[in-house]
Amino acid sequence: MTTARRSWAPIGLLSYPTLMLGVFFLIPFGIMFATSFFERDPIAFYRPAFVFDQYARLATSLFIDHLLFSLYLAVFVSVISIGLAFPFTYLLTRMRLRTQTLWLVFVLSVLSLSEVIVGFSWSMLLSRTAGLSNVLVWLGILEEAVAWAPSFGAVVVGYLYLTLPYTVLILYPPLSRIDPELTEAARTLGASPLRAFFNVVIPSTRTPIIASMILVFVFTLGVFLIPNLLGRPRHWTLSVLITDQAVYQSNPPFAAALAVFLLATSAALILITLWLSRRKRVATT
Amino acid sequence: MAVLNLAGVSKDFGATKAVDDVDLEVPEGQLACFLGPSGCGKTTLLRMIAGLEEPSAGTIRFGEKDVTQQPAHRRGIGMVFQSLALFPHLDVGENIAYGLRIRGTPKQERDNRARELLGLVQMPGVERRHIPQLSGGQRQRVAIARALALDPQVFLLDEPLSALDAKLREEMQVELRMLQQRVGITSILVTHDQREAMTMADMVVVMKDGQVQQVGTPLEIYRRPANVFVAEFIGSSNLLKGEIVAGDRVQVHGHTLRVESMPHGFASGAEITVSVRPEEVGLCSGEETRENGLQGTITFIRDVGQNVEYRIDCSGLEITSNVPPRDKPDVQLGDRVTVELPADACVVLA
């Protein structure tokens, strides 16, 4: 039975990633999911049980507020990230190949910096005593040095620094594949260069735009050091609270419940986005 | 629609001259072909006419109007690109009406115009189809319809048929030419395919290394090539090196030939090349003495259907002769024959 034998090959190939995903994602997630139903024990961290106490605690306005803020921040950062990275990457793909390579190496090297270093560097750069505002004072633009961190703006800057390289790297392949004759065709039909960009370049890269927005969104939800270092407590995201509960408050069940809740909410948002974008495509097709 | 006029148009890319001092006038309603090998500057010249490339020197005029400084989107041209460049996110009707949408034409009018143009390219009723659903030939027609949607002054085509297979390409050449004549629009077609140029053009502009080698009707270019490059590039030719003896006589490889017309400015003893098209070369069996007759031996015969090709070695000089099948002489490989290079078919080139 050759057909039967052949059908085993893809299963064999798929079993490795399936195994890895199972061992390193599903099992830890399962443990966390189970933990979220446990009871808290101040001495032994937690006691196996099946109670909804932790989820009930989520309904307090404090956590709802932080959840909404986290989602708002993630959406905000992913929109700004695309807004900055898209024109940059588009212009980059129009440059000479050597220039492109140098820029990509630079962008990649930013990824080698850890979140801790990025966070501390920005808190320094935005501080009153040693920050960039001193340069502006020296240039005569500002009267006296000011502290830009902690603030919402500082948190956004820190996030953008982390997300921009990813966005550029996701957008680069599809943008460099765009046929330059497409925009030229639009121009011969009366579209100004700017209009051709909005009419042709952006619509033909819808899928990568949505993909990179989702990636930045998910990535941003997981970051917990930046709001700690660059924000005030009211700028703390759910990730910060999860760390706080798990590490400082010694309450793993509640941290697990928060994590499950965050995961469920973001998964739901992503599914809605994908569904909307598919429906849009079907409508235009 | 207008006369297209180029005066001293040049384009430098760094140290290389992609287009070198081109003067050209395309009369209203005519189709000119820019013909040449790749890298000869024909596409760059076309892009300058389109406004997609800025000339380093010279002026471009549509009719009385100098458009040299005008950007592409204000120039009023229609262009068909090599990749066709149809917008993948728009359907056929939206592609064709894109230019009208930019102008703010109402939807009803846009739809009517798209329908009219699809009729013109003989593809009615496909407005709502999507680009990936179309065949190569259909995409071609949509690209042509889109380029004509705004009633452009000049219609530019950059190797638009190169992606099609040979048979469809021949059909489209004839169809596109008929369409161009029907619309009566001043047009420029860039191609490296001399057959395409001969099929479609009112005038052929042969280019090499950024310079115009010759401008003329297809027949002029073929019958009276201006130089060795044109003679070689357009069709095939017997190119015989020799020198001028006196008056209308040239000496080629020890044979003296009479030529009907001798270009001006050549002195006796000047080195020249004589070009004779293979189908002009007469061939008969046996050794005969006649004017411009050369004796030789057949070294190769091939019958390609529309004609029979003979190669004859005339004491070191190889001559190719193409004979239609019904005029085929009774000769075999290795036979001694006489080839005749008619005086009116011998073109003397520098």
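Colleague: Let's start with one side chain. Is F38(A) buried or exposed?

Modeller: Buried: the relative accessible area of F38(A) is 16%, and the cut-off for that label is under 20%. Keep in mind that we're reading a predicted model.

Colleague: And how does Y46(A) count?

Modeller: Y46(A) counts as partly exposed because its relative accessibility is 34%, which falls between the 20% and 50% limits.

Colleague: Now the rings. How many aromatic pairs are there over all chains?

Modeller: The count is 22 aromatic pairs over all chains. One of them joins F38(A) and Y46(A), with 5.5 Å centre to centre and 45° between the planes.

Colleague: Which residues of chain A form one aromatic cluster?

Modeller: The cluster takes in F25(A), F29(A), F33(A), F37(A), F50(A), F52(A) and Y55(A).

Colleague: Where does a charge sit over a ring, say that of Y222(B)?

Modeller: There, the charged end of R277(B) is 4.1 Å from the ring centre. You can look up another case at F87(B), where R146(B) lies over the face at 4.6 Å from the centre of the ring.

Colleague: Let me step back to chain A as a whole. How many helices and strands does chain A have?

Modeller: Chain A has 14 helices and two strands. Its C-alpha atoms fill a box of roughly 80 × 70 × 35 Å along the principal axes. Of its 285 residues, 38% count as buried. As for contacts between residues at least 6 apart in sequence, 69% join residues at least 24 apart.

Colleague: Give me a residue to look at in there. Where is T220(A) found?

Modeller: Look in helix α11 of chain A, residues 206-222. T220(A) counts as buried because its relative accessibility is 3%. Leaving aside neighbours within four places in sequence, T220(A) is in contact with A74(A), V77(A), Y159(A) and T163(A).

Colleague: On to chain B and its sheets. How should I read a sheet?

Modeller: The general idea is that strands of a sheet pair through backbone hydrogen bonds, either parallel or antiparallel. In chain B, one open sheet of four strands has the order β2-β1-β4-β5, with antiparallel pairing. The edge strands are β2 (16-26) and β5 (65-66) of chain B, and each pairs on one side only.

Colleague: How many bridges pair β1(B) and β2(B)?

Modeller: Seven bridges, in the antiparallel sense. One place to check is L6(B), which stands opposite L24(B) in β2(B). The two strands β1(B) and β2(B) form a hairpin with two residues between them, and G14(B) in the turn has a positive phi of about 65°. On the β4 side, β1 (residues 4-13) and β4 (residues 57-62) of chain B pair over five bridges, also antiparallel. There, N5(B) has R61(B) in β4(B) as its bridge partner.

Colleague: Which strands does helix α1 of chain B lie across?

Modeller: Helix α1 (residues 42-50) lies across β1, β2 and β4 of chain B, and runs at about 120° to β1(B).

Colleague: What is the order of the five strands in the other open sheet of chain B?

Modeller: Follow β15-β19-β16-β17-β18, with antiparallel pairing. Its edge strands are β15 (282-285) and β18 (317-323) of chain B, each pairing on one side only. From one strand to the next, the twist averages 40°. Within that sheet, β17 (residues 308-314) of chain B is joined to β18(B) by seven bridges, and they run antiparallel. V308(B) stands opposite V323(B) in β18(B).

Colleague: Last one, a loop residue. Where is the place of H253(B)?

Modeller: H253(B) is in the loop between β12 (249-252) and β13 (255-258) of chain B. With a relative accessible area of 45%, H253(B) is partly exposed. Here's a case where sequence and space tell separate stories: H253(B) and S315(B) are 62 residues apart in sequence and 8.8 Å apart in space, C-alpha to C-alpha. Beyond its neighbours within four places in sequence, H253(B) is in contact with K241(B), S315(B), G316(B) and L317(B).

Methods
Residues numbered from 1 in each chain as written. Chains lettered and ligands numbered in written order. Heavy atoms only, no water. Phe/Tyr/Trp six-rings, centres within 6.5 Å; stacked < 30°, edge-to-face > 60°. Buried < 20%, exposed > 50% of the residue type's maximum accessible area, 1.4 Å probe, protein only. Lys NZ or Arg CZ within 6 Å of the ring centre and 35° of its normal. Pairing = 2+ DSSP bridges. Contact = heavy atoms within 4.5 Å. Axes fitted to C-alpha atoms, helices over the stretch in contact; angles between N-to-C directions.
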